[in-house]
Amino acid sequence: MTGRHASTRPRPFLLFRRGFAAGRGTAALLAVVAALTCGFVVAVPQLAAGAGDRALGDLVRAAPPGARDLGLRLVPQSTQGVALPSTDPGAEAAAPFDVVSRAVAGAARATGARLDAGPDLAAQSEPMTVVPRTRPLRVSAAEALVRLDDAYDARVRWVEGAAPGAATTRRTLDTISGQAHTVLVVPVALRDRTARTWGVRVGDVLELRQGSQATRRTTPTAVVLAGTFEPTDADDPGWAAEPRLLGIAKIPAPEGGSIDQAALVAPLSSYAALADGLWRIPAGGPIDASPALTHTWRWTLHPDRLTRADVAPLRALLVRLGSDPAVWSGIARRPAVVTGLPDLLDRYQRDLAVTDVLVSFVTAGVTALAVLVLALTALFGAERRRDQVRLLRLRGASTARVLGLVTGWTAGACVPAALLAALATGLLVAGPVPGAARLEVLAVTLLPGLVVLVATWLTVRRLGEVPDATRSLARAARRLVLELLVVALAVFAVTTVRSRGAVIVAGHADALAAVAPVLVALAAGVLAVRLLPGPLGLLARAAERRRGLGAFLGLGRAARTGAEAAVPVVALVVGTALVALTATVGSSLGAQRDLAARLAVGADARVDAGRIDAPDIAALAARPGVRSAVPAYVETAGGIEVDGRESLVTVLALDPARYADLLRDTPLAFAPPATHAGGGLPVVLSGGPAAAALGLVVRGTTLPAHRIATVPALARVVSGRESVVALVPLDALVDALPTVQPNTVYLAADRDAQAALAADAADDRTRLGALVTGVTTVDGVVGQVADGALASFVGATYLAGSLVGGVLTLLALLLLLAATRPARSQLLIRLRTLGLAPGSGRRLAWSEVMPVVVVGVLAGAAAGAAAPLVVGPALDLAAVTGAATRLALEPHPLAVALAAAAVLILGASALLVDAAATRRGDLAQHLRGGDTA
Amino acid sequence: MSTTGTTTGRSHGSGTRRGDGPYILCDNLVRIFSAEGVEVVALQGLDLTVEKGELVALVGASGSGKSTLLAILSGLDTPSAGVVRVAGRDLLALSARDRLHYRRRTVGFLHQQATANLLPYLSAHENVELPMSLASVPRAERATRAAETLEVLGVADCAGRRPHEMSGGQQQRVALGVALANRPGVLLADEPTGELDSRSSDEVFAAIRRANATFGTTVLVVTHDAHVSEHVARTVGIRDGRTSSEVRRRTAVDEHGNEGLVAEEFAVLDRAGRLQLPRQFTAALELRDRVRLDLESDHIGVWPAERGEEERG
Ligand SMILES: Nc1ncnc2c1ncn2[C@@H]1O[C@H](COP(=O)(O)OP(=O)(O)OP(=O)(O)O)[C@@H](O)[C@H]1O
Ligand SMILES: [Mg+2]
């Protein structure tokens with residue numbers, strides 16, 4: 001403004017500015033609520049996007065190696081079928097690495113997929129029986145595989161000897177059938193610890209003969225130990241490709257006892273020498289990859305670098321590698337793609353969609369509640385300006401001008417605050433702002449002004465209007481139409497969400513699903529306002545007969561709760577519903593995470609082993625905090641056979657009574673069915689075929705069995721999938737199949753014991769038993785899931801959502817009190833002059849406001865309790881609970897009750913605040929309020 | 001320029017001009033309120049004419065319909081039936097735009113409560129300027145006219161003050177300035193002195209008279225204050241939604257050559273020939289239900305029904 005005259009003040013804005021300043025309390029409230037809400041609805045999806053990016057890393061990190069890398073695997077088929085021993089030199093086998101790597105690199109370039117590291121190349125033999133030629137082994141049985149891999153040199157420190165070099169010496173071996181086989185002795189390396197355990201030294205020559213689990217008929221070969229090493233970092237993920245390089249695996253021996261398995265390592269330059277020993281290609285034969293070796297390529301993805309943007313190119317690459325023949329053109333043998341990435345990416349996208357839906361409930365709820373509270377505040381402000389509007393009208397202000405002023409006073413506070421907050425949040429928090437958030441910001445920005453505009457327009461029109469019975473009829477009709485509209489919308493949303501739930505679950509975040517709970521709450525609010533007068537009128541009549549005047553008058557006034565209280569009551573209902581829904585989801589998340597973990601673990605804790613012996617079981621049972629330990633034989637790839645058809649089950653062989661006792665008071669509790677006589681083993685199934693007589697397949701042997709009961713509660717989750725469980729008494733199974741030995745111990749353990757167990761296992765699991773392979777605890781699984789990016793984000797959002805909901809509800813309550821205060825204080829003053837006792841004033845407020853609050857809270861709690869039923873079909877909590885199967889959201893009466901109680905307490909505290917404010921209010925002002933109200 | 005606002009020359013749209021008729025004309029005005037199923041007839045066939053430049057006091061019991069009449073004349077409310085014409089405009093036939101123009105230019109309104117007449121966050125000067133800016137009076141003129149108005153009303157010293165910094169009487173005089181800012185032809189004041197002590201009330205009333213004299217504004221003022229009504233030339237009484245009586249005062253010179261105020265009380269005879277007898281008359285003669293009328297050559301006699309029979313009998 002460059003004023004040419006001193007008098008050229010911006011007159012047109014004088015009224016706006018002064019009027020705005022006069023209502024700055026309201027304006028400040030509007031601005032703060034609008035800004036906070038916009039900040040919230042913008043930040044939440046942005047943070048969700050960030051959490052989504054991290055979640056891919058989480059999934060990759062949690063996936064077992066192999067499931068998270070891109071691997072190729074090639075076991076060349078042999079034309080011969082078996083390897084033939086010979087003393088004649090053969091043709092040199094050629095490793096297929098380069099050509100395949102080039103093909104994959106080309107496909108990756110074409111799809112834009114980013115493979116962070118690799119390929120790591122390796123070729124390895126099957127484990128073979130170690131026959132020492134220099135000195136005897138210190139262990140009864142040992143098997144070793146030879147891994148050809150160049151990546152290890154950098155990860156080790158040589159303890160004795162040196163890195164293995166090229167094979168130079170030859171040796172002639174005898175096969176089992178007595179034929180001579182001349183081989184090159186391949187220099188290899190072994191971990192120093194393993195070498196000491198086995199009692200082998202540098203320089204020792206070892207013969208390797210076909211092992212106990214061999215699938216290929218190879219010829220024997222010989223290696224010489226050139227060096228022993230120790231890893232510079234045993235936790236380096238590079239070792240995960242073949243854990244037997246570092247540790248000794250124990251496998252049960254067919255004749256009892258166990259066999260040690262370890263891996264020998266040699267450079268890829270020994271490929272031809274090793275291949276020649278294991279599977280000689282006759283001289284003049286085609287030069288090809290060795291059928292005795294498994295060739296692997298491995299590209300690794302860096303969990304910290306993966307984001308949402310990597311998903312589509314990775315998928316495209318996987319599709320190409322799997323199905324595009326052009327990629328493999330010119331390559332004789334096509335390697336198999338070995339990766340869990342497709343499953344992982346599917347799961348990731350489902351997780352993202354579910355998170356979006358979950359988060360959209362909160363943002364939509366907060367937006368609706370905030371708009372209601374803002375509209376309420378704005379209407380409250382407009383109501384206080386009613387006289388000014390009348391005066392302006394009288395002085396000849398046009399309707400447009402009056403509307404502009406009053407709306408401007410509201411929008412002047414709301415719009416800049418909302419937009420600034422949204423903009424600032426959008427800039428300060430990283431991440432894209434989705435369209436839904438923009439819409440929500442727009443709603444918060446514009447709706448309050450719009451509400452005031454319409455309300456003022458109606459007021460202005462009515463200023464000189466004949467208050468006519470026909471007109472009030474029209475108004476009643478309008479109100480009814482509005483109410484019916486809200487109810488119809490809610491019904492429409494609910495039916496749509498229920499019928500389209502499956503589609504939404506499958507990953508289509510849906511605007512209608514997001515607003516369905518809000519619409520239900522709004523409908524409940526409208527109904528509450530409509531139905532409120534009935535029961536309150538009855539109460540008032542009852543109070544008239546029994547209690548004091550204050551209660552009667554208050555209840556009577558509550559029953560006649562007018563339009564001024566309608567919006568606060570609806571806001572109260574929506575607020576309570578929001579708090580109840582967030583509380584329900586919050587507690588469901590906790591409970592379902594626990595359940596999912598228990599389904600995966602099978603008890604509080606589980607110790608897995610190749611075999612576990614009685615002393616180890618006794619030691620586990622004796623640990624502090626362990627109530628009971630039940631040994632079991634678990635076979636996840638067992639089966640049941642009905643009418644010659646076999647289906648996969650998990651065989652769980654243990655003492656049913658002890659297991660039931662172990663699980664009592666947990667969500668997995670079941671009653672052990674009584675055994676009754678029948679043919680064969682008594683089996684309890686968790687599901688599956690209904691036939692009574694069946695065959696139980698254990699260790700490849702089909703045993704006659706009969707089903708004594710079906711207990712669905714026994715179903716378990718095995719490697720991420722729900723599995724049918726066949727429960728059979730362990731002693732009966734051992735009688736039928738004496739080779740069966742316990743390989744699992746289920747424990748009932750308190751949290752400390754679980755933590756101690758997990759810590760001991762991480763330290764050195766063989767301390768728990770020689771063949772122990774791992775320990776899983778419920779707390780450990782829950783913790784892992786809850787710490788995931790998406791899970792912790794959803795948890796935080798729901799907590800923040802219920803806090804924001806609580807604050808907004810408190811505001812709505814205070815506004816309800818403020819809206820009814822003038823009429824109340826007027827009545828009070830009149831009653832005082834009639835000699836009402838001072839205490840009755842407080843009772844008047846309580847009995848007037850509390851019933852309204854109670855009804856509002858009840859309606860809100862009902863809506864909040866119903867909301868899970870409404871949105872349940874559209875919601876799959878598995879993403880944030882770690883469950884394998886779909887877990888629906890269920891109503892949670894306790895959570896709803898707690899939420900309702902919390903809002904009631906808010907209501908009571910709002911009354912106390914109001915009472916304090918009234919008491920502190922200037923008496924003269926009080927009286928004048930009585931005059932003019 | 002200062003008084004052109006009072007003329008009715010700016011005819012607008014449908015406002016039919018009747019140059020020689022009364023400035024304010026109410027004919028058989030009816031206003032029925034219906035609230036919660038009960039019908040209240042606030043005005044039941046009210047007739048009133050006021051000439052341009054007149055200052056008329058309206059008196060009447062509470063609930064007799066005074067405020068209702070003023071609301072209709074101010075263009076805020078519309079009658080259920082009847083004719084109402086102000087400054088040549090038919091208020092029933094005004095379009096929304098004309099009504100706005102009418103409110104801006106033709107009438108000024110003064111409420112009983114000073115606070116209801118002024119915006120609390122504007123100074124006296126700004127309050128007076130407000131109606132002018134609403135009526136798009138050129139900016140340069142607003143300031144001078146506002147100053148002039150405040151000067152005439154004797155509150156020039158309050159120009160920069162906000163309402164809460166002024167006494168009740170000052171507030172009401174500023175409010176009068178607001179009402180007169182656009183130099184309307186008619187000033188409607190509904191008990192403007194009702195909340196004031198007698199001194200302030202005198203000041204406000206003096207200001208109203210001054211406005212009437214200076215700007216030629218036609219004034220219709222509702223008052224319960226006998227002190228006020230005794231000092232106007234014409235007082236109209238309203239009873240049960242009808243004009244019932246009228247007192248006209250004029251200065252007359254008596255036989256001794258002294259000037260004195262003469263008040264003559266008239267009953268109002270409407271166009272249907274209806275007449276309301278003053279309550280004290282009917283009470284004194286215990287007139288009830290039926291009366292006997294006698295037409296004489298120059299007057300009509302009214303007798304109680306029985307007594308008239310006795311005297312005759
Ligand atoms: N909006 C309304 N709705 C219903 N009835 C009304 C309304 N406004 C006025 N009335 C009724 O019309 C009648 C005339 O009211 P009005 O306000 O004109 O009286 P008044 O003469 O101004 O009285 P007072 O001297 O007390 O101000 C009263 O009976 C009143 O109750
Ligand atoms: Mg009145």
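Mentor: Start at Gly65(B), where a backbone N or O atom lies 3.0 Å from an oxygen atom of ligand 1. That is a polar contact (a pair of N or O atoms within 3.5 Å). Gly63(B) comes in too: one of its polar backbone atoms is 2.8 Å from an oxygen atom of the ligand. Ser64(B) has a backbone N or O atom 3.3 Å from a ligand oxygen. Taken alone, ligand 1 exposes 630 Å², and the protein buries 64% of that (Shrake-Rupley areas, 1.4 Å probe).

Two ground rules apply before we go on. This is a predicted model, where local features need pLDDT of at least 70 and side-chain atom pairs count only at pLDDT 80 or more, while totals for chains, interfaces and linings use all residues. Residues are numbered from 1 along each chain as its sequence is written, chains are lettered from A and ligands numbered from 1 in the order written, and side-chain values use heavy atoms, without hydrogens and water.

Now widen the view to the shell. Around ligand 1 there are 14 residues (each with a heavy atom within 4 Å). Those that come nearest are Ser62(B), Gly63(B), Lys66(B), Ser67(B) and Thr68(B). By type, the shell holds seven polar, five nonpolar and two charged residues. Gly is counted among the polar ones here.

Which elements of chain B each supply at least two residues of the shell? They are β2, residues 38–50, and α1, residues 66–73. Helices here are DSSP runs of at least four residues (H or I), and strands runs of at least two (E). Helix α1(B) gives the most to the shell, with three residues.

Strand β4 (residues 81–86) and strand β5 (residues 89–90) of chain B pair in the antiparallel sense over two bridges (DSSP must find at least two for a pair). Arg85(B) has Asp90(B) in β5(B) as its bridge partner. Two residues sit between the strands of this hairpin, and Ala87(B) takes a positive phi near 50°.

Next comes helix α2 of chain B, residues 96–106. The helix is mostly covered, with nine of its 11 residues buried (under 20% relative accessible area). Charged side chains are on the buried list: it includes Asp98(B), Arg99(B), Arg103(B), Arg104(B) and Arg105(B). Leu100(B), His101(B), Tyr102(B) and Thr106(B) are buried as well.

Helix α5 of chain B, residues 168–180, holds Gln171(B). This residue counts as buried because its relative accessibility is 12%. Gln171(B) touches Ala114(B), Thr115(B), Leu118(B), Pro163(B), His164(B) and Met166(B), leaving out residues up to four places away in sequence. Contact means heavy atoms within 4.5 Å.

Cross to chain A. The chain has 933 residues, and buried residues make up 51% of them. Its secondary structure comes to 25 helices and 25 strands. Of the contacts in chain A with a separation of 6 or more, 80% link residues 24 or more positions apart. The accessible surface of chain A is about 40800 Å², and 60% of this belongs to carbon and sulfur atoms.

Look at helix α5 of chain A, residues 271–278. Eight of its eight residues are buried, so this helix is largely enclosed by the rest of the structure. Among them are Tyr271(A), Leu274(A), Asp276(A) and Leu278(A).

β19(A) pairs antiparallel with strand β16 (residues 626–642) of chain A over three bridges. Here Ile640(A) stands opposite Leu696(A). β19(A) also pairs antiparallel with strand β20 (residues 701–710) of chain A, over six bridges. Leu694(A) has Ala705(A) in β20(A) as its bridge partner. The hairpin of β19(A) and β20(A) has two residues between the strands, and Arg699(A) takes a positive phi near 50°.

Finish at a loop. Ala674(A) lies between α17 (656–663) and β18 (681–685) of chain A. Buried or exposed, at 62% relative accessibility? Ala674(A) counts as exposed, since the cut-off is over 50%. Its C-alpha atom is 9.8 Å from that of Pro656(A), 18 residues apart along the chain.

Key: A polar contact is a pair of N or O atoms within 3.5 Å; within protein, one must be able to donate a hydrogen and the other to accept it, and residues adjacent in sequence count only if both atoms are side-chain atoms. Buried means under 20% relative accessible area, exposed over 50%, partly exposed in between (1.4 Å probe, protein chains only).
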